[in-house]
Amino acid sequence: MTASVTYLRADGPGGAWTRAAGPALRAGTAVVLYASAGSWSVPDGTGLRVLLGREYERYRAAGHRPAARYRFAASRRLVKHAAAAVLDVRPDELELARGPAGRPYLRGCDRLGLSLSHTGDLLVLALSLHGPIGADAEPLGRSGCRVLLAQRACTAQELSDLRALPAHERGDALLRLWTLKEAYTKALGVGTGLPFRTFGFRVEGTTAVLHDNTGEPVRPGEWTFATHRLGTGHVVGTAYAPPPGA
């Protein structure tokens, strides 16, 4: 089974992305929107209070952390405007909630799966109408392959694959593995409940295959995993489980 992912730049409400996201999702394609937090930032006021709804108090509670407050408001505006464009409703009609493991969802709208990630000023939102989805983003180009992180997060097969690469490629390769693992646990809705060393990936170009901790493939074809380099200098990992035949 092959399922594709469409990547759209979505800097602010409106624009071509609002017209492209809905048709792609209804056709069974997952959509990943990415944007700068600055393009979704607005001052505190009545409009933001109405948009955030029940989450407004959470936003206000982050007042002593300006960067977190700024990113919180921007990410919620992105989620609600994106969902509104797909569902043909007003953004302030939607209510964002979180499951027991922290997985975000739209209350009363289970059919639209979503996954939110941020790093620095980058926001990433993955959407699906046909199955669970998860996404994670990290900036590329960090110095080297961090040995302690690799040993904590990777299976024996992944460590072997990393060692086989030229030294200057290992850092970015590790980040690709990390984003895929984050995306998979987000899609499953288990948060940190699934240790990263208990499963792994073999990356082939822009796709990946899930393996157990011995290096054997796990349920090939049930999930589609992808890794994509954005023009912003970040890598995005996605995990998508469309229904059979999608």
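The lining of the largest pocket draws at least two residues from each of α4 (66–87), β5 (113–119), β7 (133–139) and α7 (167–188). Those labels come from DSSP runs, numbered from the N terminus, with helices being H or I over at least four residues and strands being E over at least two. Keep in mind that this is a predicted model: local features need pLDDT of at least 70, side-chain atom pairs count only at pLDDT 80 or more, and totals for chains, interfaces and linings use all residues. Residues are numbered from 1 along each chain as its sequence is written, and side-chain values use heavy atoms, with hydrogens and water left out.

**Largest pocket**
- A pocket here is an open set of points on a 1 Å grid over the protein atoms alone, where a 1.4 Å probe fits and protein sits on both sides within 12 Å along at least five of seven lines; lining residues have an atom within 4 Å of a point.
- The volume of the largest pocket is about 680 Å³, taken as the space filled by probe spheres set on the points, with grid points joined across faces, edges and corners.
- Its lining counts 32 residues, and Arg-98, Gly-102, Leu-116, His-118 and Lys-186 are the ones that lie nearest the centre.
- Split by class, that lining has 13 nonpolar, nine polar and ten charged residues.
- For the classes, Ala, Val, Leu, Ile, Met, Phe, Trp, Tyr, Cys and Pro are nonpolar, Asp, Glu, Lys and Arg are charged, and the others, Gly among them, are polar.

**Second largest pocket**
- This one holds about 370 Å³ of space.
- Lining the second largest pocket are 16 residues, with Asp-161, Leu-162, Leu-165, Ala-173 and Val-203 lying nearest its centre.
- Two or more lining residues come from each of α6 (156–163), α7 and β8 (199–204), and α7 gives the most, with five.

- A nonpolar core is a set of buried Ala, Val, Leu, Ile, Met, Phe, Trp, Tyr and Cys residues joined through side-chain atoms within 4.5 Å.
- The largest nonpolar core has 30 residues, and Leu-33, Leu-87, Leu-106, Leu-112, Leu-125 and Leu-127 touch the most other members.
- At least two residues of this core come from each of α1 (16–26), β2 (30–36), α4, β5 and β6 (122–128), with α4 giving the largest share, eight residues.
- Ala-74 belongs to helix α4 and is buried at 0% relative accessible area, where buried means under 20%, exposed over 50% and partly exposed in between, with a 1.4 Å probe and protein chains only.
- Ala-74 and Gly-12 are 62 residues apart along the chain, with 9.5 Å between their C-alpha atoms.

- Strands count as paired if DSSP finds at least two bridges between them.
- β8 runs antiparallel to β9 (residues 207–212), joined by six bridges, and Glu-204 stands opposite Thr-207 in β9.
- The β8–β9 hairpin has two residues between the strands, and Gly-205 there takes a positive phi near 70 degrees.
- β9 also pairs with β10 (residues 224–229), antiparallel over two bridges, and Thr-207 stands opposite Ala-226 in β10.
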